[in-house]
Amino acid sequence: MNTIILMWNPSISSVNMHDYEQSMKNCIEEYFNWSVWDWEHAQACDRFYLVRVGEGNTGIVMKGVLSSEPFEAGDWSGKGRQVFYMDMEPDIIINPDKAPIITTAELQRDLPGFVWDSGHSGQILEPKLADMLEDKWHKYIDENEAMFEDPEKAVRPRRGKAFLQIITHPVSPRRDRR
């Protein structure tokens, strides 16, 4: 299993902070996908972390599992590039403006060897760093469990049938999305 780092800069993304907050409210019905740079090596059931970059509170804002194989779709930026996406099943969604997060500064300090504050979205993290990040994540969740008491700070979406199906029977990519 790979660990894939997805980057999100709300000031240039097709998903702004308002959209993100709405997704937190509708996370059970809401559909998620993201562009993946290393799509040729990514696969369904890989772990992902979504890192907010740019301005504001930057750091990890979502963790979960990629629930589809990569599929090509329209360029989110409108530049006409070839872009591959993967569907996402979030385990945890955090509002970086209302809850503590693992910041990009902490990531840079504690997990050097990866550029945490810029770059292509969807890069595969080297296994040693992935293990270190997973340990850091579990410690962070243990220390911040209280944030889940307020759904405007953090949510744990329930996994739907789509996730259960992808684990047992990988489905073909959905090309009709975004």
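Student: Which residue forms a salt bridge with Glu106, and how far apart are the closest N and O atoms?

Tutor: Good place to start! Keep in mind that this is a predicted model. Glu106 pairs with Lys136, and their closest N and O atoms are 3.8 Å apart. Lys136 belongs to helix H3 and Glu106 to helix H2 (residues 104–110), so this contact ties together parts that are 30 residues apart in sequence.

Student: Are Lys136 and Glu106 buried or partly exposed?

Tutor: To read this, compare the relative accessible area with the cut-off: buried means under 20%. Lys136 has 19%, so Lys136 is buried. Glu106 has 23%, so Glu106 counts as partly exposed.

Student: Which residue of helix H2 does Asp110 stand for in this story, and what is its partner?

Tutor: Asp110 lies in helix H2 and forms a salt bridge with Lys136, with the closest N and O atoms 2.6 Å apart. At 28% relative accessibility, Asp110 counts as partly exposed.

Student: How many salt bridges does a search of the whole structure find?

Tutor: Ten. One of them joins the side chains of Glu134 and Arg47, at 3.5 Å from N to O. Glu134 sits in helix H3 and Arg47 in strand E3, 87 residues apart. Both Glu134 and Arg47 are buried.

Key:
Residues numbered from 1 in each chain as written. Predicted model: local features only at pLDDT ≥ 70, side-chain atom pairs only at ≥ 80, totals over all residues. Heavy atoms only, no water. Salt bridge = Lys/Arg side-chain N within 4 Å of Asp/Glu carboxyl O. Helix = DSSP H or I, 4+ residues; strand = E, 2+ residues; numbered from the N terminus. Buried < 20%, exposed > 50% of the residue type's maximum accessible area, 1.4 Å probe, protein only.
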